[in-house]
Amino acid sequence: MMPNIGSVGFLGAGKVAYTIAKGLLGAGKIPPQMMMASAPSERNLKLLKAMGVRCTNNNKELVETCDVVLLAVKPHMIPTLLKEVGTHINEDHLVVSLAAGITIDFIESKLPVGARVVRAMPNTPCVINEGASVYSTGTSVKERDGPLVQTLFNTLGYCLEGDESMIDAVMAVSGSGPAYAFVAIDALADGGVKMGLPRDIAIKLAAQTLMGSAKLVLEGGKHPSELKDDVCSPGGTTIEAIHQLERGGFRKCLIEAVEAACLKARTLNEMSAFSRK
């Protein structure tokens, strides 16, 4: 039996809130009247309001109204936000943080004892229900909270539960990963344009190729290296192209990009502003 998610509130009305709200509405799992968003500026609330989501400029009103409270602000805003709403959080709320680099331990230290806290890392394809999300649960979550969060994010694509020690690396692979993919699509399209393709056709071919290749990995049962070998004929054009990618450090660049993003998240963790003091 699918858990009852209840009402969902977004503390913050930027791109993260929009992505999650649009994905949930697109899946038809939660009606707009069961969602609420808060932000100090009407400008930020405009898109969510247009989708039928209830909106307010009062964070405390949202907390008092919603069952599931998503922290959807930038990491540096989390301490101030928790100071503002912390006394209004109780054991009936499920608090889900979407902020990179902010630990469950820190959030729990700023909320009343017994607060139910989950840390989640979704990504932007959640907006079209093709996202990848990983979540970790805090010390006071109830038995039903894991399945509830799983249900919420399964609606938006692929979701799994993992240890919090994984979250920074998850952020670096799948959280930031869409940006790497967009750069790859843009570069492939530029190559096509250089060799004579119209821009619109080159972008479509590049995007469709990445999407189809991803589906082969997810559904075909073969390791990516095997699939790559399937495309590379001996002495052919593709292996020549792969050689150029290797000469340019393609793998090295991706590995180091993931490492840099992960280390940046860990730096946020270690900042004095995010200590328990």
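Buried here means under 20% relative accessible area, exposed means over 50%, and partly exposed lies in between, with a 1.4 Å probe and protein chains only. Helices (H or I, at least four residues) and strands (E, at least two) are DSSP runs, numbered from the N terminus.

This is a predicted model, in which local features need pLDDT of at least 70 and side-chain atom pairs count only at pLDDT 80 or more, whereas totals for chains, interfaces and linings use all residues. Residues are numbered from 1 along each chain as its sequence is written, and side-chain values use heavy atoms, with hydrogens and water left out.

### The chain as a whole

The protein chain has twelve helices and eight strands, and its C-alpha atoms fill a box of roughly 65 × 40 × 40 Å along the principal axes. Of the 277 residues in the protein chain, 37% are buried. Counting contacts (heavy atoms within 4.5 Å) between residues at least 6 apart in sequence, 65% join residues at least 24 apart.

The protein chain carries 28 positive and 28 negative side chains, and the centres of the two sets lie 6 Å apart. In this count Lys and Arg are positive and Asp and Glu negative, with His and the chain ends not counted, and the place of a charge is taken as NZ of Lys, CZ of Arg, CG of Asp or CD of Glu.

### Paired strands

Two strands pair if DSSP finds at least two bridges between them. Strand β1 pairs with strand β2 (residues 35-38) in the parallel sense over four bridges, and within that pairing the bridge partner of F10 in β2 is A37. Strand β4 (residues 68-71) and β5 also run parallel, joined by four bridges, with S97 of β5 as the bridge partner of L71.

### An enclosed helix

Helix α6 (residues 145-154) is largely enclosed by the rest of the structure, because seven of its ten residues are buried. The buried residues of α6 are D145, G146, L148, V149, T151, L152 and F153. The elements that cover these residues include α1 (15-27), β4, β5, β6 (116-121), β7 (131-137) and β8 (157-161).

The structure holds zero disulfides, a disulfide being a pair of cysteine sulfur atoms within 2.5 Å. C232 is in no disulfide, and the nearest cysteine sulfur, that of C253, is 19 Å away; C262 is likewise in no disulfide, and the nearest cysteine sulfur to C262, again that of C253, is 18 Å away.

The table gives the accessibility of several residues discussed in this report.

| Residue | Relative accessible area | Class |
|---|---|---|
| C232 | 15% | buried |
| C262 | 8% | buried |
| D168 | 7% | buried |
| N129 | 25% | partly exposed |
| E64 | 58% | exposed |
| K83 | 74% | exposed |

D168 belongs to helix α7 (residues 167-175). Leaving aside residues up to four places away in sequence, D168 touches G101, R119, C262, A265, R266 and N269, so the buried C262 is one of the residues in contact with the buried D168.

N129 sits in the loop between β6 and β7, and its phi is near 65 degrees, a positive value in a residue other than glycine.

K83 lies in helix α4 (residues 78-85); K83 and L111 are 28 residues apart in sequence and 8.3 Å apart in space, C-alpha to C-alpha. E64 lies in helix α3 (residues 59-65), and E64 and D229, which are 165 residues apart in sequence, are 56 Å apart in space, C-alpha to C-alpha.
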